[in-house]
Amino acid sequence: MEIHIKTIGLPGAKKLRSIATARIGAALGRVGHAVQSVTIRLSGMHKPLGVADKLCRVVLTLRGDAVLVIEELGSNILLAIERAVDRLRQRVSRQLSRSPA
């Protein structure tokens, strides 16, 4: 499983990449054999105070070319990563249960 992470406009990019990699690895550990690649984009947008301005976008490609896309927007990038990873875990499980063995 290849994991690619890009950060845009966020302080502490190295730490955020490390956290995102660990969360994705833990969430997909059991089904890693079915995952071809994961691309994560973490970005901060300049919005007025009080508006959700952190984005975590995950694009996952399963072997067999199925593509899953999850986006989470929030005021805290760590919470956005957690929510995106939780949703991704559920979607991958659902997708794998649908596909023929």
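Biologist: How many salt bridges does the count come to?

Modeller: This is a predicted model, where local features need pLDDT of at least 70, side-chain atom pairs count only at pLDDT 80 or more, and totals for chains, interfaces and linings use all residues. Residues are numbered from 1 along each chain as its sequence is written, and side-chain values use heavy atoms, with hydrogens and water left out. A salt bridge here is a side-chain nitrogen of Lys or Arg within 4 Å of a carboxyl oxygen of Asp or Glu. By this rule, the count is six.

Biologist: Which pattern does the protein follow along the sequence?

Modeller: Helices (H or I, at least four residues) and strands (E, at least two) are DSSP runs, numbered from the N terminus. The protein has two helices and four strands. Read along the sequence, their pattern is β-α-β-β-β-α.

Biologist: What is the radius of gyration of the protein?

Modeller: The radius is taken over C-alpha atoms, and the globule rule is 2.2 Å times the number of residues to the power 0.38. For 101 residues that rule gives 13 Å, and the protein comes close to it, so it is as compact as a globular protein of that length. Its radius of gyration is 14 Å.

Biologist: Are Asp 53 and Lys 54 buried or exposed?

Modeller: Buried means under 20% relative accessible area, exposed over 50%, and partly exposed in between (1.4 Å probe, protein chains only). Asp 53 and Lys 54 form a salt bridge, with their closest N and O atoms 3.1 Å apart. Both residues are buried.

Biologist: Which residue forms a salt bridge with Arg 57?

Modeller: Arg 57 sits in strand β3 (residues 54-62), and its partner lies 14 residues away in strand β4 (residues 67-74). The closest N and O atoms of the pair are 2.8 Å apart.
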